[in-house]
Amino acid sequence: MSTRTIQGQKNLQDIKQSSPDGIGGSPLRPDGNLKVKGEFAYSSDLWHEDMLWGMALRSPHPRANIVSVDISDALKLPGVYAVLTHQDIPGSKFYGLEIQDQPALAIDKVRYHGEAIALVAADHPETARRAVKKIKVEYEVLTPIVTEEQCLDPETHGYVHEPHEFKSHGYGNICHEQKLVSGLGVTDEVRALADVIVSGEYEVGMQDQAFLGPESGLAVPAEDGGIDLYIATQWLHVDRQQMAPVLALPEEKVRLTLAGVGGAFGGREDISMQIHASLLALHTGKPVKIVYARDESFYGHVHRHPARMHYEHGATADGKLVFADCRIVLDGGAYASASPAVVGNAASLGHGPYVIPNVKMHAIALYSNNPSCGAMRGFGAVQAAFGYESQMDKLAEKLGMDPVELRQLNAMSEGDYMPTGQQIDSPAPVAELLQRVKDMPLPPPLDLTNLDVRALPGALSNTSHGEGIVRGIGYSVGIKNVGFSEGFDDYSTARVRLEVIGGEPVAMVHTAMAEVGQGGVTVHAQIARTELGVEQVTIHPANTEVGSAGSTSASRQTYMTGGAVKLAAEAVKQEVFARGRKRYGWTQNDLQLIGGKVVSESAGALIPLVDLLGDEAIDLTREHHHRPTVPFDKETGQGFGHVQYTFCANRAVVDVDVELGLVKVVELTAAQDVGKALNPLSVVGQIQGGCTQALGLAVMEEIIVKDGKVRNASFTDYLIPTILDTPPIPVDVLELPDPNAPYGLRGVGEAPTVSATPSIVAAIRQATGIALNRIPVRPEHLTGTL
Amino acid sequence: MRVTFTANGKPVEADDVWEGESLLYVLRERVGLPGSKNACEQGECGSCTVYLDGVPVCSCLVAAGQVQDREVRTVEGLAEENGELGLVQQAFVDAGAVQCGFCTPGLLVQTDALLEREPQPSDNDIREALSGNLCRCTGYEKIMDAVRLASARTCAKGPKA
Ligand code: FES
Ligand code: FES
C-alpha cells in the first residue's frame, strides 16, 4: 500500500478504481435489452412503405446449358413489377471475393444446384413466388462433375469453367493449390528414421453455417441514382467493392448500413442477395426487400469445404514425431469464393500444433458442380484437425502411449518453428492446455439405478433404459491463425468522438465492424471507457461512411477493430492533453484520463473533461494495421504467413448406445489461451458456441449432396445441435499476453471449432473401438449397418 | 380476408390477408410486431414461438385465419406494463444468453411458459422444454444459466398473486 499522502495522490486513488465496465470486465451487451424486447431490427425485419419483395429463380440442375429463358408469363402476373435476367445487369456480370468468377445471374449455363438465374420483384412474397414459377427455362442438362476423380480428369469429364474463362490461380479444375516442404520433406530416407508409421484416409462432410437469421436486406433507390442498402453481412466494404461494378455505380453511390445480423460464422462473407435486391430496386425505382426462406439460405451461401485427406505420420519408439506427409483435397464447388485462402490455411496449419522436423504437404481446392464452399468458422483448419488428431490417437495406440502424453511430448511452444519456417514469437501453451482439460474433474459415471432417460443417447425418444451404453473419453488440441494472412494488408478503421452531452463527457465509437452476435459492440465501448476514462459510450451504427473494418471473421475483429478503437481513443486522449497544455500551460508529462477528469500522477485532478471540452468535440479517425505477413512460397510453403496463432484443447466424454448407434456427448471441456479476456463473459460464450458447432460436425451436421444435388436444404433434414444434444461445456480460460497484439489479446472465436470435433470422435472410438475415419459420425457407422 | 385478434392485450386487425399467410407473417409484416423471428418457417427452430390463447405455438405453423378472435402474446408482450424488462427477459440479458439474439424471442416465450408450469425445473426439464428452440451462437450453456437464474428469481419473488 502506498504510504504517500499527497492530496493529489489520494484523489487519484479514489478515482482510479477502474470501471467494471472497462476492459477485463463483463458489462452487458448494449443491444441486449432491445433484443430481448423484440425491438432490435434484424435485416429481415426491415420495412419500407411501398416496398416490393424480391425473389430469385434458382436452378434445379447442378450442371446444364441454358437454352432459353422466357419471362413473359411472369411479367404478366398482376403485382409483378420486374423480372430480370443477366441481360438487365448494367455493369460487370461477374463478382467474387478473390477471383471474379461468379455471375450475378447465370449466363448460358448453370454450375450448381440452386444457382440464381432470374429475379422477380412483386408486391407480396406469394406473388413473387408464383411469378418465379412462371419463368420458363429450357435446359440442356449435363452430367455434373462432382467427384475428385472427375474433377482431376477434365479431358474425360469436362471443365466447370472452360479454360478460356478461367479466372483461377490453378489449372484444369483445380482452383488453388499450396505445397509445403520443411526439413528434409518426406523421402524414403526420412521414413527410415521412424520406428513406427501410421497412416489414414479421412473424410469430412459438408457443414453449413446455419445461422438463424436468414439472408435478407432492404435496398432503397436514392435520388442521386445510387443505392442505400440495409444489410446483414460480415464486411460492408467488401460487399460494396463487389456490388459497385455490377451495378455500374461509383463506390460512393453504393452506401451500406449494417442491419441486425442473426449470426454469420463465415456464411455472410460472400455476396448473397445484396446485388439482387439492388438491381431490382434500381430497376423498379422502389425499395426492395429480399428475405431468403431456409431452403434458399442453404442454396444461397457457401458452406464449409468437404475434404478428403491422406495423412502419414512417423515417430520414434519413444513417441517423438519424425515426419508428417499430408494431402488435403477440398471440394470448393462451382465458384472460388474464399477457396484460395482456405487452401493456404489447410496447408500451413494442417500438421497441427506439433513440432515435426520433416513435413510434406499438398493442399488443393477443386472446382466442381457441387455447392460452392468458402468461409466457415475454423476456415480450413477444421478439416485438417480431424485428420492430424485422429493420427495422434492412432500413433499413441500403436506406441502404447497415453494420447495426451504423446501430444504433450510433441507440442509446440514459444520459440518453436512452424513448418512454414515461421517462428512462434508469443506464448503457445499447447501442452499446458491439454494438461488443464485433463486435470478437470470428470462428470459422475452413468448411474443406471437412478436414471432419467432424457440424459441418455436418443434422449427423449425413450429408446433405451441404459442397456448397451458405453462411455468413452477423448482429447484433442488445435491451432488456428488469427486475422488475414499471406501478405494481405489487413486493417480496420475507427472513428472516436469525445464530446459533452447533457453535461457529461460522452464518447462515440464509429466503425464499419459487422456485429454478428460476437459482442464487438460491447468490447468497443469497454475500450473507449478504459482509454478515455468516461462512463458513457455510444456506438454509432456501422456503415460505409467510415473506412473499412475488414471482415468479422478469422477471429480478427477484437484484434483489428478493437485495436483501431484503441488507437483512435488514444489519439483523442492525446488531443485532450494537447488542448490542456496549450490552454492551461500544463507541464506534467504524466497525464491520464480517469473518472471523467484529466489527472496527473504528480499533481492530482487537473480539470473535469466537461470543462476542457466545452462545446468543442474532439473527433479523430485511425487505422489499425497488423504487422505485415508474406505469401507462402508456392512450392515450399515457406514464409511468415500468419500474424498470430491461437490454441484450444478439449476433452470430450461421450455415452454411446452401441445397439442404436446413438451418441450423447455428456460433457465437452475446453481450455483456451485468449491472451487477454477483454470481456470474460463473451469470451466464454464464444468458446462454448464454437465447441457446439464442432459437436455438430462430429455427430450430426452434413449437407447431403448426391450427383451435385442438395438433398436436405431444411432444418428438418439438416440437423444442428439442440439444447438436448449439447452437454455442459466447462471452460478454462488462460491469459498469456501476446506482445504484438492490442492489450495482448488473442482471437477467440474459431479455435474451439477447430479443436473440439476430434475430441468427440476420439471419445466415440474409445467407447466403441471402431476406427471412424469420416465425420459426421452417423448411427450406421456405429452399428455396422452401412 | 380480414383477421381480427388480440395481440399483447390490444385488439388488432389485418386486411387483405391472403389465405396462405401464417400468423408469423401477419404479426411481422402486417401488424407491426416483428419481434417473433422467421428462421425456418417450418416449425423446426422455435424462433417464432408465441402464446396462442396461453399455449406456446410456432406462429409460422398457424394459418392467419385460425387466430380470428383469439389471443396472441408475443415477445413484445413479455415486458412489464411500464416497459421494464420482464423477469425472464432480464435473466437472459444478465446471464449473457443473448449473442446474435435471433433465437431469443422464441426462447423467452418458451422459458416463460416453462416457469409458469414448473417454477423450479431440473436441468433435464429445461433441456426437454427448450429442445424445440435452436440457437446457433451460444452453445446453450448461458441459456441454461439464464433459465436457472429466472427460476431462482421467480421463486424468490414468491407465488404470483
Ligand atoms: S420460424 Fe417457426 S419454427 Fe422456425
Ligand atoms: S444467440 Fe444467435 S441463434 Fe441464439
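In this predicted model, A:Asp228 pairs with A:Arg255 in a salt bridge, with the closest N and O atoms 2.9 Å apart. A salt bridge here is a side-chain nitrogen of Lys or Arg within 4 Å of a carboxyl oxygen of Asp or Glu. The pair links distant parts of the chain, 27 residues apart: A:Asp228 sits in strand β12 (residues 227–231) of chain A and A:Arg255 in strand β13 (residues 254–258) of chain A. Helices (H or I, at least four residues) and strands (E, at least two) are DSSP runs, numbered from the N terminus. A:Arg255 is partly exposed, at a relative accessible area of 25%; buried means under 20%, exposed over 50%, and partly exposed in between, with a 1.4 Å probe and protein chains only.

Next, A:Arg407 and A:Asp393 form a salt bridge, again with a closest N and O distance of 2.9 Å. A:Arg407 is in helix α13 (residues 403–410) of chain A and A:Asp393 in helix α12 (residues 381–399) of chain A, so the pair ties together parts 14 residues apart in sequence. Both A:Arg407 and A:Asp393 are buried.

A:Glu570 and A:Lys566 are also joined by a salt bridge, their closest N and O atoms 3.2 Å apart. Both lie in helix α16 (residues 557–584) of chain A, four residues apart, about one turn of the helix. An α-helix has 3.6 residues a turn, so residues three or four places apart point the same way.

There is also a network of salt bridges, linking A:Asp188, A:Arg191, A:Glu312, A:Asp325 and A:Lys360. Over all chains, the structure holds 57 salt bridges.

How many of them run between chain B and chain A? The count is six. In one of these, A:Arg454 meets B:Asp125, with the closest N and O atoms 2.9 Å apart.

As for the contact itself (heavy atoms within 4.5 Å), chain A brings 64 residues and chain B 53 residues. The predictor gives the complex an ipTM of 0.97 and a pTM of 0.96.

Finally, the conventions. Residues are numbered from 1 along each chain as its sequence is written, and chains are lettered from A and ligands numbered from 1 in the order in which they are written. Local features need pLDDT of at least 70 and side-chain atom pairs count only at pLDDT 80 or more, while totals for chains, interfaces and linings use all residues; side-chain values use heavy atoms, with hydrogens and water left out.
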